[in-house]
Amino acid sequence: MTVTIKDIALRARVSVATVSRALNGHDNVTPAARAKVLKVAEEMRYQPHHAARSLSSRRTHTVGVVLPDFEGEFFSELIHGIEREARAQRHQLLVSSSHPDPKAQQQVLQAMRGRVDGLLIMSPQVDTGEQLIEDLTGLPTVLINSHLSACAELPAVNVDNYTGARAIVAHLVECGYRRIAFIAGPEDNFEARERQHAYVDGVREALPSATPWIIPGDFTVTRGHEAGEYIAGLTERPDAVFAANDQMALGCLFAFARKGVSVPDDIALAGFDDIPLSSCTYPRLTTVSADIVELGARAMRRLLAPEGDHIDLVVPKLVIRESTRDLRDVAAHEIPRALHQPAP
């Protein structure tokens, strides 16, 4: 019977993450915990996977890519960036989706072992860390847009979701909007939590008399459309809406158009990600851009060249388009009502 790090963790009464850190020589383990883990590993005759810690001895010239989903422009742009860099370095991709079921993710990772030299994995769920690190033991891995405390020793390439969302809120406040609603992402998604956290902090700091206005969402166009219909039907509407991603913002924009709500004249609208479609709508969407193609390429480069920062944080840039406008400029240049009256 093969002894795993989970078996060691159970006998040593520590977490799987602690076992992994101790066996891999990381510093963030107490001497007592390290000694305990090594002693138990020796008693159980644990044999670690001897996969290379770099890709210098690769045999398959294939990299596995595990994403929570393929639907939507975000994932197509991400895969494009990964594939572009892989092709430049003469690697093939084995791509799969977990949809984003932790059990499905586990099956995918187990199926890829032995078929790939390394992994790029996006696991945005916040509670899958210990099982994930068990499945990844011995396999060079880079996380994308993930924040798993149990996998703290794995390198990651992440978008700075908090800074990007704060930039959107600051822009809306600076433009003069005071009733800013937020269409949230999935509750168990790390990126969605970071963006919502930034929205709440931004509103509380810039508009202390306002109450954060959060509408449930799930990152899909459909939920964005439902949120837009709900907002359009309100007696007292927000004067601006910040959707946690562009997909929901575009669904919301379509709902507003069907309901006769003008953007930005009646309600301003902003998103997050800067997917290609966000610049092709009418009006074009204000958003923040993290260059999704480059995000994928950077993750692949980090895997193929292990030296570098442990966490590569991509700071998104504010992209201001026609779906928001500066209300102060509008007020300053508004034609006095008397000038609209016909001459006597």
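Trainee: What kind of unit do β8, helix α10 and β9 make?

Mentor: The handedness of a crossover is read with the strands pointing away from the viewer: it is right-handed if the path from the first strand over the helix to the second runs clockwise. Here β8, helix α10 (residues 246-258) and β9 make a right-handed β-α-β unit. Helices (H or I, at least four residues) and strands (E, at least two) are DSSP runs, numbered from the N terminus. The model is predicted, so local features need pLDDT of at least 70 and side-chain atom pairs count only at pLDDT 80 or more, while totals for chains, interfaces and linings use all residues. Residues are numbered from 1 along each chain as its sequence is written, and side-chain values use heavy atoms, without hydrogens and water.

Trainee: How many bridges pair β8 with strand β9?

Mentor: Two strands pair if DSSP finds at least two bridges between them. Strand β9 (residues 268-270) is joined to β8 in the parallel sense by 3 bridges; V241 stands opposite L269, and F242 opposite A270. Strand β6 (residues 180-183) also pairs with β8 in the parallel sense, over 4 bridges, with I183 opposite A243.

Trainee: Which residues of strand β8 lie on one side and which on the other?

Mentor: In a regular strand the side chains alternate between the two faces of the sheet. In β8 (residues 240-243), A240 and F242 lie on one side, V241 and A243 on the other, and all four are buried (under 20% relative accessible area with a 1.4 Å probe, protein chains only; exposed is over 50%, partly exposed in between).

Trainee: What order do the strands of the open sheet of 4 strands have, and which stand at the edges?

Mentor: The order is β7-β6-β8-β9, with parallel pairing. Because β7 (213-215) and β9 each have a single partner strand, one side of each is left without a neighbour in the sheet. The twist averages 20 degrees from one strand to the next; angles run from 0 to 180 degrees between N-to-C directions, and axes are lines fitted to C-alpha atoms, for helices over the stretch in contact. Contact means heavy atoms within 4.5 Å. Helix α8 (residues 190-206) packs on this sheet, touching β6, β7 and β8, at about 170 degrees to β6. Helix α10 lies across β6, β8 and β9, at about 155 degrees to β9.

Trainee: At what angle do helix α1 and helix α3 pack?

Mentor: Two packed helices are described by the angle between their axes and the distance between the axes. For α1 (residues 5-12) and α3 (residues 31-43) the angle is about 115 degrees, with the axes 9 Å apart.
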